[in-house]
Amino acid sequence: MVKRAMKYGLAAAATAAMLVGSGGFAAAAGTGTMHIVEGPKVPLPKAPGNGYAGDAAASAKCPAGEVLTGGGAEVKAGNSYVARYNLSASRPIGNETWWAYGTNTDPTDAGTIQAFAVCAKVTNLDVVHTP
């Protein structure tokens, strides 16, 4: 229960930091306790035809000693219609990895998908016991 409370507490802190704006998040990142890990850009292939979409998955993983507090993903279109490129899933996998899945229905141009993980160092863990 303590581990789950810590995970959700950090997620709330990361969300609050991002809502404050880039200045607030930069201040948190400057303390060395929170930062964004960019996963590699993964090619999102063009649609092979016959009604099928091209698809790809991407991930970003927190370094050892850090926990995942949030994340996100971005799909970038090739040189065609943006509406043909979709981010279908963006979610945490375990306690360290953010995973994303995208599709491309454009038969002529490929795109890219990239995942981002918001990671934090656990510097002091206070255990809270409920009565």
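Modeller: What follows is a set of questions about labels and the values behind them, and the model under discussion is a predicted one.

Colleague: What makes up the protein chain in terms of helices and strands, and in what pattern do they follow each other?

Modeller: The protein chain holds 2 helices and 7 strands, and read along the sequence they follow the pattern α-α-β-β-β-β-β-β-β. Of its 131 residues, 29% count as buried, and the accessible surface comes to about 7,900 Å², with 58% of that belonging to carbon and sulfur atoms.

Colleague: What share of the contacts with a separation of 6 or more comes from residues 24 or more positions apart?

Modeller: Such residues account for 70% of those contacts in the protein chain.

Colleague: Why is Asn104 called buried?

Modeller: The cut-off for buried is under 20% relative accessible area, and Asn104 has a value of 0%, so the label applies. Asn104 is found in strand 6, which covers residues 97-104, and, leaving aside neighbours within four places in sequence, its contacts include Leu44, Pro45, Arg84, Tyr85, Asp109 and Gly111.

Colleague: How do you know that the side chain of Asn104 makes a polar contact with Asp109?

Modeller: A polar atom of the Asn104 side chain lies 2.9 Å from the backbone oxygen of Asp109, and the limit for a polar contact is 3.5 Å between N or O atoms, so the pair falls within that limit.

Colleague: Why is Thr103 called buried, and what does it touch?

Modeller: Thr103 has a relative accessibility of 15%, which is under the 20% limit, and therefore it counts as buried. Thr103 lies in strand 6, and, not counting residues up to four places away in sequence, it touches Leu44, Ala53, Gly54, Asp55, Arg84, Tyr85, Asn86 and Ser88. Of these, Asn86 stands opposite Thr103.

Colleague: What makes strand 3 and strand 5 edge strands?

Modeller: The open sheet is formed by 3 strands in the order 3-6-5, with antiparallel pairing. Strand 3 and strand 5 each pair on one side only, and they are the edge strands for that reason. Neighbouring strands of this sheet are turned by 15 degrees against each other on average, direction ignored.

Colleague: Why is the pair of Glu96 and Lys61 called a salt bridge?

Modeller: The closest N and O atoms of Glu96 and Lys61 are 3.8 Å apart, and the limit is 4 Å, so the pair qualifies. The pair links distant parts of the chain, with Glu96 in the loop between strand 5 and strand 6 and Lys61 in strand 3, 35 residues apart. Glu96 is partly exposed at 33%, whereas Lys61 has 52%, which is over the 50% limit, and so counts as exposed.

Colleague: How many salt bridges does a search of the whole structure find, and what does Asp106 pair with?

Modeller: The search finds 2, and Asp106 forms a salt bridge with Arg84, the closest N and O atoms being 3.6 Å apart. Asp106 lies in the loop between strand 6 and strand 7, and Arg84 in the loop between strand 4 and strand 5, so the pair ties together parts that are 22 residues apart in sequence. Asp106 counts as buried at 0% relative accessibility, while Arg84 counts as partly exposed at 29%.

Colleague: What makes the phi of Asn50 worth a remark?

Modeller: Most residues other than glycine have a negative phi. Asn50 has a positive phi of about 55 degrees although it is not a glycine. Asn50 lies in the loop between strand 2 and strand 3, and its relative accessibility of 77% is over 50%, so it counts as exposed.

Notes
Residues numbered from 1 in each chain as written. Predicted model: local features only at pLDDT ≥ 70, side-chain atom pairs only at ≥ 80, totals over all residues. Heavy atoms only, no water. Helix = DSSP H or I, 4+ residues; strand = E, 2+ residues; numbered from the N terminus. Buried < 20%, exposed > 50% of the residue type's maximum accessible area, 1.4 Å probe, protein only. Polar contact = N/O pair within 3.5 Å; in protein donor to acceptor, adjacent residues only side chain to side chain. Contact = heavy atoms within 4.5 Å. Salt bridge = Lys/Arg side-chain N within 4 Å of Asp/Glu carboxyl O. Areas by Shrake-Rupley, 256 points an atom, 1.4 Å probe, with all protein chains shown as cover. Pairing = 2+ DSSP bridges. Axes fitted to C-alpha atoms, helices over the stretch in contact; angles between N-to-C directions.
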